[in-house]
Amino acid sequence: MTRQKLRRISDIKDRLIDEIVASKPKSNTLKSRKQIDNFLRQYFVDIPVEDMEGKSAKKMARAAVSHLEFGRVRKKGQPLLRIFNPTEKRDGYTSPYTFVEMVNDDMPFLVDSISAAITRQDLAIQFTVHPVLRVKRDARGRIQDLLDTSDGGHNESFVRFAIDKETDEQLLNILEHEIYKVLGDIRAAVADWAKMRDKMYEAITALKSGPTGPDPELRDETGELLKWMADDHFTFLGYREYKLHYRKEKIYLRPVDGSGLGILRSDDRGGRAVELTKEMRRYSRSKDWLVITKANSRSTIHRHSFLDYVGIKFYDDDGNVIGEKRFLGLFTSAAYSENPRKIPFIRLKIRRVVERSHRDPSGHRGKALLHILDAFPRDELFQSTIQDLVRTTSGILNLQDRQRVRFFLRRDAFRRFYSCIVYIPREKYSTAIRRRVENILMDAFSGISVDSSVQMTDSPLARVHLIVRVSPGDRPRISIRDIEQEIADAVVSWRDKLRVELTTKYDQEVGLSLFRKFGEIFPAAYEEDITPDIACLDVKRIDRMINTEESHSFLLYRTAGTDDTHMRFKTFQRDHPLFLSTALPILEDMGTDVRSEHPYHLNIRGCEDFWIQDFELHYTDASSIDIEAVATRFQDCFRQVLAGEAENDGFNQLILAAGLDWRQTALIRCYAKYLMQLGIPFSQDYMENVLAAYAGLAKNLVTQFELQFDPSITRQKREKNLHTLKKKISRGVARAKNLDEDRILSAFSGAVSATLRTNYYQTDDGGDVKPYVSIKLDPAQLPEVPLPKPKFEIFVYSPSVEGVHLRAGDIARGGIRWSDRRADFRTEVLGLMKAQVVKNTVIVPTGAKGGFVPKRLPDGDRAAVMAEGIRSYKTFICGLLDLTDNVVDGKIVAPPNVIRRDADDPYLVVAADKGTATFSDIANELSANYNFWLDDAFASGGSAGYDHKKMGITARGAWEAVTALQRTRCQCPD
């Protein structure tokens, strides 16, 4: 602070004090105006300006005089104390604070000791006034005058604390009792300070007698340490002597009557005989004169920390220990700031630690060890044995600046507490981490309290020193390694664990590369919800998506420790999240209940947006599922439905229930759509539920289909396995619970058995499965098929189109209609086929008819409607050609990857009809692509064919030709 600023503050303070004096408060204790003014200036001289600004000068003057009036009569050695909430009537002012006022003989530690007492009651101090006044009193203790010099009178402390407003009388009474206790302890300690110091010098003299075979250097250093402590490095607060008494096999430590000083004057504090524990006996037998540790109680004076316990054994002439001189107090701040290599006794410990560690003090490792000892917690240097120090400092030396967690432990000589030193990477340290470590140690040691302190230097490691106090007699079983690992798990951040997982699952180079790219992208919510091992898989998936420019990816998994009925499904989306209105119906139709969704927005460099959404799914039979086996099928089905390549309905339950994949499920859906066109009297929802309830049978139906048509299966294996499987399916159908279920299951079984051909195993030019399924059936085998039954029919199914082609015979001609009767287009086509059969009697042996229904026609735009209609038409025609034999060089050639369960069947004509009058060229183009033997006669029309209407090559034309022929015959003379 600059001199000018200090001068400005001084001027403000002088002005404020002048205003207080100018308010001219009255006093019953001081009669003259000069005495009152002098008192006010002394009272406020050391108060900070910020505690005075903004307050009423008149109120401050009245408060000061009120404090003076409170101390008007006081006998020497008697403290005055009051805790009150001021009122205008009684005190002449009011305040938003509660006040603690005291008048006492001036002595050390008053303010900080009383402050600690107030803080222990969880009360906050707002400001403090502490003038020390030279007071002249008469024989009755009445104030006569306030003196400016030390001539006459005595120094008295007028202490005033403003604390948070408190009206609870019980709490204020507790605080008053606590402060009186503190004042009594201070008075006792101050009064006996010189005597306790003398006792320390007596103890030094007693060191001449000691144990047999004493260590002279240890004795000398012990004496020097005691002198050093007496030289203002130790605050003496209590003293008492104890002697050993033997009774049978027990040993007692009994206080010497009248030996107590300071806070140990009273027999209430350590004034009773104590039987020596196993640890105390071990200490009594040791050849050390000195033990330094922490007492069980906290100091009420100066600092609210545990008292330092200094025990000095004394011996008889034969070298047997006969008692102890015990000092309680606090090492001063000077003792903690002084170089430990200059402190007696500690310097001996340091030298012997270096010797036992076999380090050259002038070498690099030796200097590093000395630096560790210099910075070591001072209490540990006083209390630890040389063996403890060697073990701990060697571990710290080996740690050096390595970024890892280390845990070092020392037990108190009397087993009352554990001293723990924990090293934590500095960048990982936080208050939250410290609290976690405290909780871990409290649990490990069954502790009753813990105190901690932190040292942060330029080292990459932070040091936390913790004292965990335990109940007497407790012997917790502990593992230092387990505790260290638990602390490491608590300290190491989520991102650190991710780094380890990445470098473990993948090689070091790949793992580090992934961590550098993606280690910082995850939001806090993700780190809270997702474990690093799962996140490791997410990172790999995200990296693959970015490298391959995938727009989305999916993952079904189960986390360890979750309920058997729960699974999780994770979606990865670029650019935008997956809408819940889209995702939830898909997941629910797959048989799962969505319990929750957790979205995470990732900030990936180079990507505008990236989203992970984690869905919690409930599935009743999840425990019976092999999650790894079903995950790929589940994910593929979700992807296909999302892309529109599979329909979203209840048949997708079979993915989990029957173990089918999305395409096998589409096959079941294809048969369901076909049966519905036959007029089976059951809704699709009902059939979905029945197939899900008989999931095993559904799986067997798919297996039967695959046995019938999989080209990779040998004929011998096909026939053998089919025979066994059909019996199994019959038994499954027989177990139906009611007639409706029996009819549904029988219809599916019959349809699969009646299937003659399928394109299910064909692929496109790119090697991918075709996006539609076509099946050729023998209607004669199906009781559900309405009369008249065609000889053959082909049903084509895809998410975008459905269609059927009915033929009355091997060679039959008929057109393809664009139907708008989605629910019963087969009924429409069947009626048209019957008419076509009649009409074709004069052209070809019999008739055929086909129809298709586009299921995803757009609204409004006629061109878009036509484009979608043509796409649907092409799909339908391709589905027909996929199953039709070809003629090459006069020989019948079967379609690729088609197992035929019927005779040769190369004849297929798809003439134009309602809605497809302009599609003949499209059909002929497809025929050419397939190298179909009929070529442009396939559609029997178009730009390269005949105009049937103009040429009269129609049923009407045939009828007119017949009638004309009949008329001609009737006119013939014959």
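A residue counts as buried when its relative accessible area is under 20%, as exposed when the area is over 50%, and as partly exposed in between (1.4 Å probe, protein chains only). Those areas come from the Shrake-Rupley method, and for residues only the protein chains shown count as cover.

The model is predicted: local features need pLDDT of at least 70, side-chain atom pairs count only at pLDDT 80 or more, and totals for chains, interfaces and linings use all residues. Residues are numbered from 1 along each chain as its sequence is written, and side-chain values use heavy atoms, with hydrogens and water left out.

Start with the salt bridges. Such a bridge is a side-chain nitrogen of Lys or Arg within 4 Å of a carboxyl oxygen of Asp or Glu. How many salt bridges does a search of the whole structure find? The search finds 61.

Take Lys 849 and Asp 913. Their side chains meet in a salt bridge, at 2.4 Å from N to O. This pair links distant parts of the chain, 64 residues apart. Lys 849 sits in strand 28, while Asp 913 is in the loop between strand 31 and helix 31 (920-929). Helices (H or I, at least four residues) and strands (E, at least two) are DSSP runs, numbered from the N terminus. Is Asp 913 buried or exposed? Asp 913 counts as buried because its relative accessibility is 16%. Lys 849 is buried too, at 7%.

Next comes Asp 902, which forms a salt bridge with Lys 776. Their closest N and O atoms are 2.7 Å apart. Again the pair links distant parts of the chain, 126 residues apart. Asp 902 lies in the loop between strand 30 (891-893) and strand 31 (911-912), and Lys 776 lies in strand 23 (residues 773-777). Asp 902 counts as buried at 17% relative accessibility. Lys 776 is buried with a relative accessible area of 1%.

Lys 855 counts as buried at 12%, and Glu 647 counts as buried at 14%.

Now look at Glu 241, in strand 7 (residues 234-247). Glu 241 is buried, since its relative accessible area is 13%. What does Glu 241 touch? Not counting residues up to four places away in sequence, its contacts include Lys 199, Arg 254 and Glu 324. Contact means heavy atoms within 4.5 Å.

Charged patches join like charges within 9 Å, using residues with over 30% relative accessible area and no salt bridge. Lys and Arg count as positive and Asp and Glu as negative; His and the chain ends are not counted. The place of a charge is NZ of Lys, CZ of Arg, CG of Asp or CD of Glu.

Lys 31, Arg 72, Arg 140 and Arg 142 form a positive patch. Arg 142 lies in the loop between strand 4 (132-137) and strand 5 (143-147). Arg 142 is partly exposed, at 34%.

A negative patch is formed by Asp 443, Asp 482, Glu 486 and Asp 489. Its largest share, three residues, comes from helix 16 (residues 480-491). Asp 489 lies in that helix, and Asp 489 counts as partly exposed at 41%.

Key: Patch = residues over 30% accessible without salt bridge, like charges linked within 9 Å, V, L, I, M, F, W, Y side chains within 5 Å. Areas by Shrake-Rupley, 256 points an atom, 1.4 Å probe, with all protein chains shown as cover.
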